[in-house]
Amino acid sequence: MLFHTPQFFAFFLVVLVLFYTLPRPARRWILLAASYFFYMCWNQKFVLLIIALTAIDYTAAMSMRRLPAGPKRKAALVMSLAANLGFLGFFKYYNFLAGNLAWVLARPFDAFALQIILPMGISFHTFQSMSYVIDVYRGEQEVITNVVDYALYIAFFPQLVAGPIVRARHFFADLYHWRAADAREILRGALLVVFGLLKKLAIADQFARLADAFFRDPAAHAGYLAAWSGVIAFSIQIFFDFSGYTDMAIGLAQILGFHFPENFRRPYLARSITEFWRRWHISLSTWLRDYLYIPLGGNRHGRWQTYRNLLLTMLLGGLWHGASWNFVIWGGYHGGLLSLERLLGVRERQRWSLVDPLRVALTFALASISWVFFRAATLHDSLYILGRLFSGPHGHILWWHWQLWFVLAALVLAILEESRGWFERLPEAPAWVYASAIAVCLFCLELIGFSGRAVPFVYFQF
Amino acid sequence: MALVTRRFSVPARLGLALLLFFSLDALAFRTGWYVSILEPDSTAGFLETYLKIEERRPIGRYRQVLAIGDSRMGLKSRVANLLTGNTGCAFGTISVPGTTPRCWYYMLREVDPDCDRYDAILVPLDSYDDRTWEDQADRELDINYLAPLLRVADLPRFVLSYPSWPNRAHAAEAVLLKGLIYQHDFQAFLEHPRTRLEAARLQEEHAQEWYYNAVWERHSLAGMSVDWNAKTVALPAWLSPEKRSEIEHVLLDPPAPVSALFKRFRRQWLGAILDRYRGSRTRFIFLRLPRGPVVRPDAPPPDPSSMARTFAAEGRIVLLPEHTFDSLERPELFGDALHVNEEGGYQFSMMLAGEVGRWLASAPEGR
């Protein structure tokens, strides 16, 4: 049941009506049941995995509550982390490690391979539960004693399969001081849902067709213009796909009275890779910062340690996305660029200067190059495409003119949002302005929303 | 959950948004603007062209006769109109390949909104029995054809005429959300806007002449023979392997069974057409088309309770004698197993024009 299908909207409508009409004590049960049902629509068996991890982390946190600081308390933390990383490692990385082991031992690539289905959203909910247990261990988060509340935190359907990764303190602040969404919040939530749908169906899925065609057979599209347009098509696809999903998740949660953090802040307007990571998948980058980079020492132990920490953090961030050398290289590439920018003293500035558009273009190009590793099927393909970006005849751009105009319109809206912040003002604008914005989005969806077979969100595979 | 506050009203804003959205949709797709630039070779564009030609055909002092039907209707109005001096009839046609009685209902509503344009409407049938292999009631193609013609008020009748839920949903889209139905066409337009506008202009200027003077298949199946016992067909050399296989399939497969579903479908839509014209001067003439280049020897017995015979028995239609066009069932008049060729079309049109002219001349005025 994908967010952009009629089935999901029927499901959400039922949940919404039950949620707001049933007595308050029943509401968290409704949300939990709905969340498990939502997950079971994808795979009935794997809901047991979520329940098992929930039980382990809940028990670990409860035992930490009773235990004083010391080895036993630490053991509870280690047990919880081992369970989360064990499940994640088995489902996500077993075949990667087995394949590499087979290569080292000169055995066939699939000599030790297993038929493993990756549980949807496992990378997100394990990171969410780990952050909770670590925060409890650090004393930064109160232990949640109600198991239903904790289970809901892990399984809450708007963010279950692809984030954003919500910190426990934010979620439980909403849950324990819950108040019904007011009219402004509902209008903002509805706007986010419509915008998210537009991003996903009208832009991401349109460019997915171009990117898929290019990456499926890059040799069939001669010339560097074709290569750049194919790669940029994927840059556009992944941003609009993931941020479209996130917008919908935030909007749906807001209508239910929950407030998720911002996950994207116009990342392609970043003037450096450092700034890019402050704007892209913010809930993951802050998670990596708080639970990996800072514990590794952050920037507190000199220049070289900082570079090492950045590189390690991004390498693991790359591996979080997927088990292949392509993702390792992708992470390493970003870690390398972050270190390089630190070495060069690239600073984030509030004010824009005349050269900033050039910086934005350069950052976008660097980010797009990294997406080659993210999207290409193999390392060989990635290297081939990289070679094609900088050599050969010019060839042809793969896009249609109207797609270019559509993206330029999105860019103008992003620049206006950056400078004027129109989005947050829209729910409060006169009714005809708000209604016109929704109507135009729906009309664009009707005309250019991809209406073929529903294309899954890119980040669902993680 | 406060849906209405002093500053905001959620229902009002979302309601206004929906109203504006449907207004945009209507402005683009219900005013005729977009239909005028539809891809001429698309199903909807093709049907629109036929209807436009018929709507623009001048009505003279002659009796007006319109042919409906699908690709098997062999009437060439250019040929039939050669006999206008003798028959007193002017012929037009909106026979569009792949259409069904459901399409004919909406097409007739479009070209004859007041039911007063025609003296006779010709309804061709493959067979007076309700025989088919296909469930026409669930034919998705009808939705693509009819998208430009459907109005909001058609929602219940059109949607419920589809038995399957996916097609009902698709049919509802065609009625309510035109943009969704035209989506592929619109995106193709955005890809090559100039080419499309030029194609639409050429179609607008020349379609009448192109369609009126169109030349059908010049080749014939002359020389073909069928050994019904051995179930083999000898065919002329000019046919492609695909055509040969198609002809063998049509000729040698057992005859389609009488279908209760098809009978119901015909009763629903042909009945609706007849109901619409009840009390008008328009007569409906049902005719059986030439069956094919050869006729199988084991033709099944006629079904006396078929829809066409029932309508005739009720006095609602004129049923031309079943064997009127048997003389045209010859290989030299067919281009494949189902369709008459250029010569077959010529002879069929002459014969049909004569029959219709004679019948109208002898029929009492009005009804």
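## Helices H9 and H14 of chain A

In this predicted model, A:Val231, A:Ile232, A:Phe234, A:Ser235 and A:Ile238 of H9(A) meet A:Ala367, A:Ser368, A:Trp371, A:Val372 and A:Arg375 of H14(A). By class, seven residues of this contact are nonpolar, two are polar and one is charged.

Two packed helices are described by the angle between their axes and the distance between the axes. Helix H9 of chain A covers residues 224-255 and helix H14 of chain A covers residues 356-375; they pack at an angle of about 85 degrees, and their axes are 9 Å apart. H9(A) is therefore roughly perpendicular to H14(A), since angles of 65 to 115 degrees count as such.

## Helix H18 of chain A

Helix H18 of chain A runs over residues 431-448, which gives it 18 residues. From its first C-alpha to its last, H18 reaches 26 Å, close to the 26 Å expected at 1.5 Å a residue.

The buried residues of H18(A) include A:Tyr434, A:Phe443 and A:Glu446. Also buried in H18(A) are A:Ala435, A:Ala437, A:Ile438, A:Ala439, A:Cys441, A:Leu442, A:Leu445, A:Leu447 and A:Ile448. Within chain A, the buried residues of H18(A) pack against helix H8 (183-216). In chain B they pack against helix H1 (10-29), helix H9 (178-181) and helix H10 (183-191).

## Contact between chains A and B

Between the two chains, 24 residues of chain A are in contact with 25 residues of chain B. On the side of chain A that touches chain B, H8 and H18 of chain A each supply at least two residues. H18(A) gives the most to that side, with twelve residues. By class, the residues on the side of chain A that touches chain B divide into 19 nonpolar, two polar and three charged.

## Chain B as a whole

The secondary structure of chain B consists of 15 helices and seven strands. The C-alpha trace of chain B spans about 85 × 50 × 45 Å along its principal axes.

Of the 367 residues of chain B, 36% count as buried. Among contacts in chain B between residues at least 6 apart in sequence, 81% join residues at least 24 apart.

Terms used: Residues numbered from 1 in each chain as written. Chains lettered and ligands numbered in written order. Predicted model: local features only at pLDDT ≥ 70, side-chain atom pairs only at ≥ 80, totals over all residues. Helix = DSSP H or I, 4+ residues; strand = E, 2+ residues; numbered from the N terminus. Expected span 1.5 Å × (residues − 1). Buried ≥ 20, exposed ≤ 12 C-beta atoms within 10 Å, placed from the backbone. Contact = placed C-beta atoms within 7 Å. Axes fitted to C-alpha atoms, helices over the stretch in contact; angles between N-to-C directions. Parallel < 35°, antiparallel > 145°, perpendicular 65-115°, else oblique. Nonpolar A, V, L, I, M, F, W, Y, C, P; charged D, E, K, R; others polar.
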